[in-house]
Amino acid sequence: MAETLARRHHLLGLEGMSAEEITPYLDLAANYALLSRSRTAPRDALRGRTVINLFFEDSTRTRTSFELAGKRLGADVINMTVATSSVNKGETLLDTAATLNAMRCDLLVVRHAASGAPALLAQKVEASVVNAGDGMHEHPTQALLDALTIKRHLGTLSGLTVAICGDVGHSRVARSNIHLLTAMGSRVRLVGPPTLVPGVMQSLGAVSIHHDMESGLRDADVVMTLRLQRERMGAGLVPSAREFYRFYGVDSRRLAFAKPGALVMHPGPMNRGVEIASDVADSTQSVIQEQVEMGVAVRMAVLDRLSRMRTAS
């Protein structure tokens with residue numbers, strides 16, 4: 001019961017969530033995507049609510065989209081820059097939690113380099129906490145926006161084959177996508193060198209591991225590429241960026257292994273000529289820019305839904 005209530009009040013990860021729990025977020029986000037394009041989003045949905053974006057790691061897309069989402073719904077949005085905050089002067093995470101709690105904010109969006117930091121804050125604050133990426137754990141709103149983008153083009157997630165390529169082992173995006181996609185009935189392939197796609201990744205769900213691009217991409221409906229997470233990996237896992245691209249970069253020749261018209265995705269930021277070729281990133285099959293657009297809609301849905309759940313309780 002306590003776990004269910006925690007899920008209702010927070011979005012800390014997608015692991016263990018069912019299709020029935022995920023679908024309402026996608027449905028509401030799809031509605032917000034349509035409203036945003038028509039510029040008719042309800043600007044009073046979060047009126048009187050305060051959203052604090054607390055980012056301990058650099059971010060452009062995620063923080064900006066959460067800020068836009070909150071403002072489009074009428075919330076008071078505060079961006080806390082850790083470099084100029086008391087955290088940089090030695091304040092602990094729990095002291096920060098106590099300070100934020102005293103401010104009586106309603107929604108707290110957290111990105112942190114340590115896995116589990118948002119979950120710890122969720123135990124210490126009264127606000128609803130949204131995980132905007134924690135260490136190598138999860139990035140749930142990224143997986144939700146990826147799923148929404150796929151559904152808009154292919155109509156469903158069930159029965160699709162999704163190839164996630166690149167540095168899977170260090171990627172929180174990959175982990176959240178594995179949890180979401182398998183829960184929604186997709187077949188997930190993890191593609192990359194053994195150093196970046198270790199066998200232990202199979203413990204995350206019903207996935208298959210491929211160490212060559214031809215078998216990994218063969219007849220895939222979606223090809224999702226990931227950047228090399230150099231800030232999280234040890235030395236020697238890949239010889240060089242050039243060598244990685246030579247064997248595992250998604251170029252037009254390798255993309256041809258996938259189904260004709262397969263969607264090309266990337267969570268950003270892209271490293272062209274490392275994990276993806278420019279002509280693929282800019283092709284008609286690419287939905288990378290649409291992912292950015294759907295990010296705002298998904299974050300509007302998350303903030304709205306969590307706020308209403310919190311009020312209802």
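In strand 9 (263-265), Met265 is the bridge partner of Met224, and strand 9 is joined to strand 8 (residues 222-225) by 3 bridges, the two strands running parallel. The model is a predicted one, in which local features need pLDDT of at least 70 and side-chain atom pairs count only at pLDDT 80 or more, whereas totals for chains, interfaces and linings use all residues. Residues are numbered from 1 along each chain as its sequence is written, and side-chain values use heavy atoms, with hydrogens and water left out.

Two strands are taken to pair if DSSP finds at least two bridges between them, and the elements themselves are DSSP runs numbered from the N terminus, namely helices (H or I, at least four residues) and strands (E, at least two).

A second open sheet has 4 strands in the order 2-1-3-4, again with parallel pairing. Its edge strands, strand 2 (76-81) and strand 4 (128-134), each pair on one side only, and the twist from one strand to the next averages 15°. Strand 1 (residues 50-55) runs parallel to strand 2 and is joined to it by 6 bridges, with Thr50 standing opposite Asp76 in strand 2. Helix 12 packs on this sheet through strand 1, strand 3 and strand 4, and its direction makes about 150° with that of strand 4. Helix 5 (residues 117-124) also lies across strand 1, strand 3 (107-112) and strand 4, running at about 165° to strand 4.

Helix 6 (residues 140-154) also packs against two other helices. Its axis comes within 8 Å of that of helix 7 (residues 172-183), and the two cross at roughly 55°, which makes helix 6 oblique to helix 7; angles under 35 degrees count as roughly parallel, over 145 as roughly antiparallel, 65 to 115 as roughly perpendicular and the rest as oblique. The residues that meet include Leu144 and Ile150 in helix 6 and Val173 and Leu180 in helix 7.

Helix 6 and helix 12 (residues 288-312) pack at an angle of about 115°, with their axes 8 Å apart. Among the residues making this contact are Leu145 and Arg152 of helix 6 and Met294 and Val298 of helix 12.

The domain assignment of the protein gives domain 1 (1-137 + 292-312) and domain 2 (140-289), the bounds coming from an automatic or database domain assignment. The centres of domain 1 and domain 2, taken over C-alpha atoms, are separated by 25 Å, and the contact takes 35 residues from domain 1 and 27 residues from domain 2.

Definitions and conventions. Axes are lines fitted to C-alpha atoms, for helices over the stretch in contact, and angles run from 0 to 180 degrees between N-to-C directions. Contact means heavy atoms within 4.5 Å.
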